[in-house]
Structures are given as C-alpha cells and as structure tokens.
Amino acid sequence: MDALMLDGNAVAGLLQEVFGTEMTTALETCAGCGATEPIGAVHVYRGAGVVLRCPHCTKVLARIVQGPTRTWITLEGARVLEIGR
Amino acid sequence: MAGTALLGRLNWLQAEVADTVAETPRTKTIGFDVPGWPGHRAGQHVDVRLSAEDGYQAERSYSIASAPDGTHIELTVERLDDGEVSPYLTDELREGDRIELRGPVGGYFVWEPALGGPVLLVGGGSGVVPLMAMIRHRAASGSDAEMRLLFSSRSWEDVIYRDELERLAGGGLTVVHTLTRSQPEGWSGYTRRVDKQMLDELGPPPSERPLVFVCGPTPLVEAVATALVQLGHEPNRIRTERFGPTGG
Amino acid sequence: MSFVSRGFHGRRREDADSARVPPGQYVTPDFPVLSAGPTPHTPLDRWDFQITGEVDEPRRWTWDELRELPSEELTRDIHCVTKWSKLDTVWRGVSVDTLLDGIDTSAEFVIELADGGYTTNLPLADVTGGKAWIAYECEGEPLAAEHGGPARMLVPHLYFWKSAKWVRGLRLSAVDEPGFWETNGYHNYGDPWQEQRYWGD
C-alpha cells in the first residue's frame with residue numbers, strides 16, 4: 001500500500017476528456033494477470049504523466065501524458081476495454 | 001438524468017459562489033450556481049480549475065456534497081495547510097466570486113435510489129463528502145433504502161455535517177461515529193480506527209449483500225476494504241475512492 | 001481575455017531570479033512528490049547498483065561499497081516538466097564519472113534502470129563530465145523513499161523525469177532506447193532551457 005496511490009475516480013475528468021465518455025464504469029482486463037476491474041477501481045499514480053496500474057498485480061495498464069494541444073495514451077497492459085455506449 | 005450527466009463534451013463552466021458555510025475548523029462548504037450545469041448523481045465529482053493573472057493554472061478534483069438540485073452544487077473542502085488550491089477555496093473565495101469547473105465526472109462511485117439497499121457507507125474525514133451526497137439524495141428522494149454510515153473523525157469538533165447527520169438519522173439511516181484522536185467527556189462510542197470488529201458489529205452482514213461505499217485517505221480505504229473482504233463481503237459490491245496527499 | 005480567479009496566485013515564489021528559471025517554469029518552495037508507481041522498499045543489504053550493457057565486464061556495487069566511493073556535495077536547481085522548479089537543492093552522491101572510471105565502452109547512450117521497472121534514456125555524454133550523480137542525501141538527510149531513496153539519479157541539467165528515483169543501474173547502449181515517458185509523449189532529450197517537454201518540441 002502506498003499513501004500516494006489514488007484510484008481511477010481521481011482521473012475521471014481526464015479520462016472523459018480523452019475518451020469522450022464516462023470511463024470509471026468501463027471495464028479493463030489486465031494483460032498480465034487477467035483480472036477485470038472497473039477503471040474506477042484501478043490504481044492511479046501521478047508522475048510526469050498519469051499511470052494506471054492493475055490493483056491485483058500492479059502491472060502498468062496505461063500511461064497518459066497531456067500536452068497543451070495533444071494527448072498521448074499507451075494502453076500497454078489493458079488487454080480489453082469494455083466501454084458502455 | 002443519467003443520460004444528461006454522462007453524455008456530451010466536457011466543457012469548463014463558470015461557477016459563481018452563492019454562499020459559504022464553515023463546517024468544522026478545517027472544512028468549509030461552498031455553494032455554487034453553475035449556469036449550464038447538466039445535473040449530477042450522488043457520488044460524482046467536479047474538476048476545479050484556478051487561473052492566476054499570469055496564466056498559471058492549478059486543477060483539482062472534488063466530490064460533490066449536495067444532492068442533485070438543478071444548477072446548484074455544493075463542494076465541501078478540507079483546508080490542507082501546505083495545499084495550493086484548498087486554502088484558496090476555503091479562505092479566499094467570497095460570495096459572487098467565480099471559478100471554473102467541469103463535470104460532473106465519474107460514475108463508478110455513485111449511488112442512486114434505484115440501486116436500493118442495504119447500503120453501508122464508510123468514510124474517513126472529508127471522505128464523507130460523496131457519502132453525504134448519497135445520504136442527502138436518499139432523504140430528498142424519499143427512498144426507504146436502509147443505509148448505515150460509519151464515520152471516522154479525529155475529534156467531535158472535526159465531524160463534518162454533524163448536526164445534519166443527527167437530524168437525518170432514523171427511519172432507515174443509522175449513523176455511527178468513531179473519534180480517533182480525542183473524545184468529548186462522557187463519550188461512549190468508538191475511539192479507534194475502523195477495523196474488522198467494528199464493521200462486523202455495525203453490519204449489515206455479508207448475507208444481506210449490502211452495497212458498500214468506502215471513501216477516505218488511502219490507508220483507511222485499504223484497511224477497510226481488506227477487512228470487509230475478510231468478513232465475507234463480495235469484492236464486487238465494495239466500491240472505493242481514495243484521497244491522496246496531493247489533493248491540496 | 002481569459003478567465004482569472006480573483007486573488008489566486010498559487011504557492012509560488014515571486015522573488016526568484018528569473019535568469020535561473022527556465023521558460024514556462026514556476027519556482028516552488030515545496031518538494032512535490034511525483035511517482036509512476038508504488039514506492040519500492042528494497043532492503044539495503046539486498047540493494048546493489050550495476051553497470052551493464054556495452055561494457056567489457058559488468059560492474060556491481062553493494063550499498064556499503066557505493067557509500068565507500070568518494071562523494072560530492074552539490075547545490076543545484078531542479079526543473080520538473082510539470083512546471084515546478086526548485087532552486088538551490090543540496091545533494092550528496094557519487095559522480096557517475098567515478099562509477100564509469102576505467103570502463104571501456106563504445107556506447108553512446110545510457111538507460112537508467114530503477115526498482116519497479118521505470119526507465120529513462122539519455123546520451124552517455126549527458127551523464128559524464130561532472131553532469132550526473134547517484135544521490136543518496138538531500139538537504140543533509142538520507143534521501144527519503146518518496147523522493148527516490150535510498151538512491152536516485154541526479155541529472156539536474158535536464159527535466160527531472162530524467163533523474164530516476166530508486167535507481168539500481170545504468171545500461172550502456174550503442175543505440176538510443178526511449179524510456180517509460182519518452183515512449184509516450186515526453187521529449188526524448190528534455191532540455192528545460194529549450195522547453196523540450198513533448199514530442200516535437
């Protein structure tokens with residue numbers, strides 16, 4: 001456990017801006033351990049950018065960097081995203 | 001309701017301070033009128049953005065404290081002494097001032113009357129804020145869902161919404177406090193951090209399959225979530241929201 | 001005119017010498033904590049520092065061995081890409097020159113490797129010639145875990161994400177290998193005076 005750790009709720013606004021829809025209820029499946037969780041429940045760290053990690057195995061699910069005119073997102077560890085429509 | 005709150009582009013809106021209320025020595029509730037506010041659900045957040053004259057900006061996310069109420073929303077902010085945003089919100093903002101916000105955002109940590117009960121709410125400090133939105137929404141909508149709040153504060157003076165919680169309690173809402181640092185004379189309630197035994201005593205038991213919302217500092221959330229699972233609560237019925245030290 | 005929040009200044013120092021503050025940066029009295037992952041807690045008796053890759057023979061120091069190497073105290077300004085700068089921070093650590101002394105390499109690049117999997121890349125020339133250190137003290141105290149202790153890289157002439165917290169080794173390489181942030185939007189080199197924050201800057 002890390003006192004600096006937050007969860008997906010803390011970046012709900014950022015994720016909605018990036019994906020154009022509410023994302024904390026979207027489901028991700030970890031490419032490492034296979035666990036599926038709502039994005040609201042995944043662990044979030046704030047470094048130079050935002051890092052989403054699997055709450056079960058701590059694998060990096062996604063990295064997000066926002067510049068003034070562009071956003072970069074790598075979904076390296078999220079094998080599946082299930083997004084409501 | 002859900003549709004309007006969920007869909008569409010997230011725009012920065014200008015919110016005007018309608019009133020402020022000191023809740024405790026360290027927390028203040030700020031009411032805003034937000035023209036264009038699409039409505040919200042209990043437990044959702046807003047992103048707040050402050051801009052200095054030279055273009056410097058700071059952004060934070062806050063839970064909404066109020067039940068859905070047209071274009072009016074309330075935020076309850078804890079003043080962090082070394083914070084950058086919270087001291088401005090609690091000390092500087094006056095009626096008529098404007099700030100920028102966008103939202104509502106989130107949907108995972110949300111309770112609606114249609115979800116029913118029983119509901120167990122566990123809050124630490126200002127972690128009670130989104131839980132209070134749920135309690136207020138339950139009352140305002142006339143829901144009879146059974147709801148229990150276990151609320152951890154440092155002292156009796158630090159209990160946010162103390163009087164209102166007392167008024168709302170009863171009729172299916174149970175409020176239990178634990179005071180972890182100091183207690184008023186004659187206090188017979190809990191005096192320790194939330195633990196497994198406390199959660200077991202308060203219930204509802206896992207057999208009733210309560211929906212559980214836990215919000216507070218990360219150490220509290222981790223301890224409570226672990227204890228709940230050990231008691232036999234279903235992990236997928238436990239929703240958590242963590243506050244970090246970077247929230248200032 | 002853009003929106004201004006009346007009376008909002010942020011927690012910034014207004015008295016800083018502007019010649020020391022790179023473009024777009026704000027000077028803070030604080031030392032913000034930024035982390036890409038959980039804080040590792042490697043016991044010192046299992047901690048080591050390795051130089052690997054394009055070298056004749058990999059080198060390894062235990063914690064005690066590292067602490068026996070000659071160290072330097074230095075005062076430097078640090079600049080985070082998230083726009084805060086902190087002036088006159090005082091560090092103690094071992095120069096990377098000391099660690100590379102006597103190593104024969106054809107490498108032109110280096111990758112910093114940290115506990116927890118974080119990586120960041122830079123030209124070898126940016127960690128030699130008195131430009132980079134393995135730092136284990138800050139402001140006269142052992143470096144706190146939240147700031148990268150027991151030891152972190154200190155490469156103060158580049159944005160601070162190039163100074164890996166919890167550093168455990170350097171891999172020398174003939175080719176440039178973009179690291180954790182450099183592969184996702186942040187600039188490959190990161191010179192704060194050129195404001196090289198993002199790809200294409």
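Which residue of E10(B) is the bridge partner of Leu121(B)? In this predicted model, the partner of Leu121(B) is Phe213(B). The pair belongs to the parallel pairing of strand E7 (residues 119-124) with strand E10 (residues 211-217) in chain B, which extends over five bridges.

These two strands are part of an open sheet in chain B, where five strands follow the order E9-E8-E7-E10-E11 with parallel pairing. The edges are formed by strand E9 (173-179) and strand E11 (238-243) of chain B, each of which pairs on one side only. On average, and with direction ignored, neighbouring strands of the sheet are turned by 10 degrees against each other. Two helices of chain B lie across this sheet. Helix H3 (residues 128-141) of chain B lies across E7, strand E8 (147-153), E9, E10 and E11, and runs at about 150 degrees to E8(B). Helix H6 (residues 218-231) of chain B lies across E7, E8, E10 and E11, at about 150 degrees to E10(B).

Several backbone features of chain B were examined in the loops. Most residues other than glycine have a negative phi, and most peptide bonds are trans. Against that background, the peptide bond from Gly117(B) to Pro118(B) is cis, with omega near -5 degrees. Pro118(B) is placed in the loop between strand E6 (98-105) and E7 of chain B. A cis peptide bond also joins Gly203(B) and Pro204(B), where omega is about 0 degrees. Pro204(B) is found in the loop between helix H5 (196-202) and E10 of chain B. Tyr161(B) is not a glycine, yet has a positive phi of about 60 degrees. The position of Tyr161(B) is in the loop between E8 and helix H4 (162-168) of chain B. Is Tyr161(B) buried or exposed? With 24 other C-beta atoms within 10 Å, Tyr161(B) is buried, because 20 or more such atoms define a buried residue.

Chain C also contains an open sheet of five strands, in the order E3-E2-E11-E6-E7, and the pairing there is mixed. Strand E3 (59-62) and strand E7 (119-123) of chain C stand at the edges with a single partner strand each, so one side of each has no neighbour in the sheet. Gln50(C) stands opposite Gly169(C) in E11(C).

A positive phi also occurs in chain C, at Asp88(C), where the angle is about 55 degrees although the residue is not a glycine. Asp88(C) is placed in strand E5 (residues 84-95) of chain C. Asp88(C) has 10 other C-beta atoms within 10 Å and is exposed, because a count of 12 or fewer defines an exposed residue. Chain C averages a pLDDT of 95, and 100% of the residues score at least 70.

The contact between chains B and C takes 13 residues from chain C and 13 residues from chain B. On the chain C side, the residues that touch chain B comprise four nonpolar, five polar and four charged residues. For the complex, the predictor gives an ipTM of 0.96 and a pTM of 0.94.

Chain A has a secondary structure of one helix and eight strands. From the N terminus on, its elements run β-α-β-β-β-β-β-β-β. The radius of gyration of chain A is 12 Å, close to the 12 Å given by the globule rule for 85 residues, so chain A is as compact as a globular protein of that length. Along the principal axes, the C-alpha atoms of chain A fill a box of roughly 35 × 35 × 20 Å. Of the 85 residues in chain A, 55% are buried. Among contacts in chain A with a separation of 6 or more, 45% are between residues 24 or more positions apart.

Conventions. Residues numbered from 1 in each chain as written. Chains lettered and ligands numbered in written order. Predicted model: local features only at pLDDT ≥ 70, side-chain atom pairs only at ≥ 80, totals over all residues. Pairing = 2+ DSSP bridges. Helix = DSSP H or I, 4+ residues; strand = E, 2+ residues; numbered from the N terminus. Axes fitted to C-alpha atoms, helices over the stretch in contact; angles between N-to-C directions. Contact = placed C-beta atoms within 7 Å. Rg over C-alpha atoms; globule rule 2.2 N^0.38 Å. Nonpolar A, V, L, I, M, F, W, Y, C, P; charged D, E, K, R; others polar. pLDDT = per-residue confidence, 0-100.
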